[in-house]
Amino acid sequence: MVLYETADVWGVVALADAVRRRLHGDRAYYNINRHLNYSNVCALSCKFCGFFRKKGEEGAYEHSLEDVAAEARKAVEAGATEMHVVGGLSPYLPWDYYPEMMRTIKRVAAEAGTDLHVKAFTAVEIVHLAKIAKQYKRDDRQAGIRWVLSELKAAGLGSLPGGGAEVFDDRVHDEAFKGKIRSDEWLDVHLVAHELGLNTNATILYGHVDQRRERLVHMEILRRAQDRALARLGYEGDAGGFVEPGLKATEGVDAPVITLTREGVALPTAAMSARGGYFQTIILRCPCRTTRRLEHLAGLSGLENLRTIAMRG
Ligand code: SF4
């Protein structure tokens with residue numbers, strides 16, 4: 001909160017840059033991807049969403065697997081290395097459509113003599129898929145999530161884009177995102193994904209009815225989840241080093257608080273990329289201009305956005 005409130009915003013930016021340089025030196029990362037929104041038909045009607053349509057409404061669509069193959073071909077021809085696949089919570093598409101979509105993208109890429117990484121489905125879609133596959137169990141949520149993610153991974157799913165985290169706070173959630181899954185279920189999906197060796201991103205959709213304190217809580221919860229993921233991979237915070245996977249904190253054991261950015265401590269990148277199962281990045285999004293239902297909100301100033309981006313570091 002001190003960093004959020006200080007008048008010295010450029011000092012905060014400089015601190016974030018120091019953290020970034022410790023972790024990554026002069027490297028920047030990017031990929032070349034193509035987006036595929038397989039359907040915009042959604043059972044929910046989230047306040048901030050300008051994407052969804054109801055079936056039969058003007059602009060509603062649902063892509064066939066032939067359409068998916070055509071998009072994958074275009075991606076390969078354009079030199080993409082990744083397909084980013086998300087859509088609405090369609091009550092009409094059957095479960096089989098989803099793994100088949102993964103296989104279709106992989107097959108098209110293989111036929112062209114290449115590969116496409118498939119980054120697909122937000123946490124709320126994964127929960128929805130567990131329900132339509134009749135695997136969702138209210139008293140054992142993770143079991144249904146595990147089933148869905150295992151099937152999708154076997155079909156070609158490579159990672160999760162991390163959307164739908166919004167802001168991990170029940171007041172904010174109920175005011176702006178009511179109807180979507182809450183933070184506990186979102187975290188369940190990402191925990192299981194990490195256990196299965198799938199990397200994920202995380203988002204924060206901020207700058208609407210949320211306060212700075214709630215954004216900080218969100219980042220802290222993600223930080224703890226990342227600590228658990230890295231501990232599972234064998235990264236041991238207290239000693240500041242990286243030990244053999246499996247030797248340290250495992251399920252049921254509190255994860256150590258990991259300081260990845262301590263001077264002189266390198267990221268265990270080789271072991272991390274060999275196994276997978278952690279957060280790759282936090283993506284910040286401010287939704288105020290994306291839908292008419294939120295356009296009455298002032299949104300944030302450029303400096304507040306810059307400060308929040310720096311805080312994420
Ligand atoms: S679940 Fe996703 S697609 Fe559906 S209304 Fe909400 S944000 Fe939009």
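**Group meeting talk: a first look at this model**

Okay, so this protein has 11 helices and eight strands; helices here are DSSP runs of H or I with at least four residues, strands are runs of E with at least two, and both are numbered from the N terminus. Before going on: this is a predicted model, where local features need pLDDT of at least 70, side-chain atom pairs count only at pLDDT 80 or more, and totals for chains, interfaces and linings use all residues. Residue numbers start from 1 along each chain as its sequence is written.

How much of the protein is buried? Of the 313 residues, 35% count as buried, where buried is 20 or more other C-beta atoms within 10 Å of the residue's own, exposed is 12 or fewer, partly exposed is in between, and C-beta atoms are placed from the backbone. As for contacts, meaning C-beta atoms placed from the backbone within 7 Å, 76% of those with a separation of 6 or more are between residues 24 or more positions apart.

Now to some helix packing. Helix α5, residues 123-132, and helix α8, residues 183-195, have axes that come within 9 Å and cross at roughly 85 degrees. Axes are lines fitted to C-alpha atoms, for helices over the stretch in contact, with angles from 0 to 180 degrees between N-to-C directions. That makes α5 roughly perpendicular to α8; under 35 degrees is roughly parallel, over 145 roughly antiparallel, 65 to 115 roughly perpendicular, and the rest oblique. On the α5 side we have A123, I126 and V127, meeting E185, W186, V189 and H190 of α8. By class, that contact has five nonpolar, one polar and one charged residues. Nonpolar covers Ala, Val, Leu, Ile, Met, Phe, Trp, Tyr, Cys and Pro; charged is Asp, Glu, Lys and Arg; the others, Gly among them, are polar.

α5 also packs with helix α6, residues 141-155, at about 95 degrees, axes 9 Å apart, so α5 and α6 are roughly perpendicular to each other. I126, V127, L129 and A130 of α5 touch G144, I145, W147, V148 and L149 of α6. This contact has eight nonpolar, one polar and no charged residues.

Which residues are around the ligand? They are C42, L44, S45, C46, C49, F51, F52, G88, L89, V124 and K180, counted as near if the C-beta atom, placed from the backbone, lies within 6 Å. Eight are nonpolar, two polar and one charged.

Last stop, H296, in the loop between β8 (279-285) and α11 (302-312). H296 is exposed, with 7 other C-beta atoms within 10 Å.

How values were computed. Contact = placed C-beta atoms within 7 Å.
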